[in-house]
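Welcome! Have a look at the model below, and then we will walk through its ligand site and some of its strands together.

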Amino acid sequence: MKIYDGVIDWGIKRARDSKMIGLGFHSVIDGLVKIDPKKIGNLDLAIPQKFSDLPDSIKFIDDFWKGLIFSFSNGSALQLMIDSKEVYEWIMKTFGTGTLRLGGTSANMAKGLIPFPFEKILVYVYPLKKEIANLFSNSKNLFVVGNNGLDHPINAYDGEGIDAIHWIFEFSQGQSITVKGQTYACPRSNRFIASWNPANSKLEVRDPFRSYVIDHAKDISHFLVSGFHIMQEVYPDGETVEDRIDELLKFIQTVKDKNSEIRFHLEFASIRRDRVRRAVEEKLFSMFDSLGLNEVELSWVARDMGYDEKDILNLDVERISQIISEIMRGDLSRVHFHTLGFYLLALKGDYDLESQKKALAFASLAAAQRAMDGEINLERFKYVLDIPEKYDYKEWERDGIHFILFPTKVVPSPKITVGLGDTISSLAFVLG
Ligand code: 8BR
């Protein structure tokens, strides 16, 4: 079976036929810092051995180092929120802002979608200051809601300043760091993300975006929600994550009442805080049509359900599909699991399987080309078509769910890996 045949033209046509796509609620400035181990010197702390040894968030400088070293010595991606203004100020003093780039799950999805002929990509950006507005590319199909309705961010910003920053500390395979006199080599290029974002951590859906989406729900076909990983368990004013998620659900319900045809996708992302993650699992999974997540994220969900997270991290497909079947007991009808080398798509009910498969193939080409060049360029998709896949294509049924194991294109020396998951999930969802 030629799973990639004709997929590029199909994807472009499909994008052209689309309606408005909504993306909320997390856009932010990323500060890119390339780790220089020589500047770090010899650290004196105990390296966390497993994920569960890590702090839930960064409250002290030591927590920052623990996250960084864990991520570095395992070659695995990790994101932790910074909970302390002092630590935020210390990182700023020690590393600076790094190179500024547009980030956050919603803005990353926007970046991945605007190069294609989708009619309107509507992204939520709060706070919409000049600095972040300037980082959005000048695309005709990109919009925020300003005081005068739909507009490009650069025409709609309100004030200046960097209120929130997500530092991305990038490290490369072969680098080494010394801890207590012992050298640890980095096995795989990856990144550690430390995020400071008190301004948007309640994921409040503010006006004018809120009223616009409710009033124009009929124009929207897909809405992708993400950003839960920046939420807190209890906010300084006493509100809890459950309160905030209930508020968000009210918004989603209001939009659904206006247009029941809109498909809602939840992108899980790296939700480290237990209570936040559980609230998302318990309150949101059954309210969405679709869910996207990677192997680390699914391993946490599995652990929350009482399973061994290692089976998922070891990519045991049998166990992965079992966990996915359990999550899909409610209304959730589509789960897109992605990892390096393959996607596992689970579908329940009335889906067009051919479209879903082509959408996966298109997402895989886009991710590989973005990994290769740093940004999406449709003209260069053909250069990744020849990369051989390392897994075998497979389809099966289990518990009334259709599973598709889809082998993906993996670029040998990626220029970037940040934001690839968002590209994969959003493209596969809106095209499928
Ligand atoms: P997250 O950002 O959610 O972790 O998703 C990263 C995804 O990017 C992986 O699941 C994998 O599918 C994809 N990816 C990575 Br990482 N490196 C890649 C590469 N070199 N080529 C193609 N895809 C890659």
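A polar contact here is a pair of N or O atoms within 3.5 Å. Keep that cut-off in mind as you read, and remember that this is a predicted model.

- Arg 191 uses its side chain instead, placing a polar atom 3.3 Å from an oxygen atom of the ligand.
- On its own the ligand would expose 520 Å², and the protein buries 86% of that.

**The shell around the ligand**
- The ligand is surrounded by 14 residues, and the closest include Asn 294, His 338 and Gly 421.
- By type, the shell has eight nonpolar, four polar and two charged residues.
- Strand S16 (334–339), helix H14 (353–373) and helix H15 (420–431) each provide at least two residues of this shell.
- Which element gives the most to the shell? Helix H15 does, with three residues.

**Strands that pair**
- Strand S1 (residues 20–24) runs parallel to strand S6 (residues 120–123), and four bridges link the two.
- Along this pairing, Ile 21 stands opposite Ile 121 of S6.
- S6 is also parallel to strand S7 (residues 142–146), joined by two bridges.
- Here Leu 122 has Phe 143 in S7 as its bridge partner.
- Together, S6, helix H6 (residues 130–135) and S7 form a right-handed β-α-β unit.

Note on methods
Residues numbered from 1 in each chain as written. Predicted model: local features only at pLDDT ≥ 70, side-chain atom pairs only at ≥ 80, totals over all residues. Heavy atoms only, no water. Near = heavy atom within 4 Å. Polar contact = N/O pair within 3.5 Å; in protein donor to acceptor, adjacent residues only side chain to side chain. Areas by Shrake-Rupley, 256 points an atom, 1.4 Å probe, with all protein chains shown as cover. Nonpolar A, V, L, I, M, F, W, Y, C, P; charged D, E, K, R; others polar. Pairing = 2+ DSSP bridges. Right-handed = clockwise from strand over helix to strand, strands pointing away.
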